[in-house]
Amino acid sequence: MNDRQLSNEEKQAVWAWIEERVGALECSVCSNRDWILGDLKARFISELTKARGYPAVVLVCRHCAHMLAFNAILVGVEEPDPPSAEEASDE
Ligand SMILES: [Zn+2]
C-alpha cells in the first residue's frame, strides 16, 4: 500500500470524523445516505503551482455517483505540505 491510498485505519478515522462533525450525510443530489469512501486520497492541484494543492478524501454516493470531497488535512489523515522554496523565501 502506498501513501496515496487510505489504510483501513485512515478509513475508520474518516468515517469517525464525519460521524462526529456531520452525522448522517445526505446526498445533495439524490438525498441518498449510502456512501462509498474512495480508496485513494485525491488532490485538487493548484493551477498556479501545478504541484501543490488541496489533499482530499472523497465520498461517492452509491445511488447517483455524486462525489463529495473533504480536506484530508482537516480530517486528520494527511500532513500539511512543507512550504515550497518560494514560500520559505518569503519569510
Ligand atoms: Zn446521490
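Where does V29 lie? V29 sits in the loop between α1 and β1. The model described here is predicted.

## Overall fold

The protein chain carries 3 helices and 4 strands. Along the sequence they follow the order α-β-β-β-β-α-α.

Of the 91 residues in the protein chain, 10% count as buried. Among contacts in the protein chain with a separation of 6 or more, 49% come from residues 24 or more positions apart.

## The α1–β1 loop

This loop holds V29. It also holds S31, between α1 (8–21) and β1 (35–37).

V29 counts as exposed because 12 other C-beta atoms lie within 10 Å, and the cut-off for exposed is 12 or fewer. Leaving out residues up to four places away in sequence, V29 touches C61, C64 and H66. The C-alpha atoms of V29 and H63 are separated by 9.8 Å, and these two residues are 34 residues apart along the chain.

S31 is not a glycine, yet its phi is positive, at about 70 degrees. S31 counts as exposed because it has 10 C-beta neighbours inside 10 Å.

β3 and β4 pair in the antiparallel sense. The pairing runs over 5 bridges. V58 stands opposite A69 in β4. The two strands, β3 and β4, form a hairpin with 5 residues between them.

A65 belongs to the turn of this hairpin. A65 lies in the loop between β3 (53–61) and β4 (67–71). A65 is not a glycine, but its phi is positive, at about 75 degrees.

## The nonpolar core

Which residues make up the largest nonpolar core? L6, V14, A56, V57, A72 and V77 do, 6 residues in all. In soluble globular proteins, nonpolar side chains tend to be buried together.

A56 is one of the residues of this core. Setting aside residues up to four places away in sequence, A56 touches A42, R43, F44, A69, F70, N71 and A72. One of these contacts, A72, is itself listed in the core. Another, A69, is the residue in β4 that V58 stands opposite.

Key
Residues numbered from 1 in each chain as written. Predicted model: local features only at pLDDT ≥ 70, side-chain atom pairs only at ≥ 80, totals over all residues. Core = buried A, V, L, I, M, F, W, Y, C linked by C-beta atoms within 7 Å. Buried ≥ 20, exposed ≤ 12 C-beta atoms within 10 Å, placed from the backbone. Contact = placed C-beta atoms within 7 Å. Pairing = 2+ DSSP bridges.
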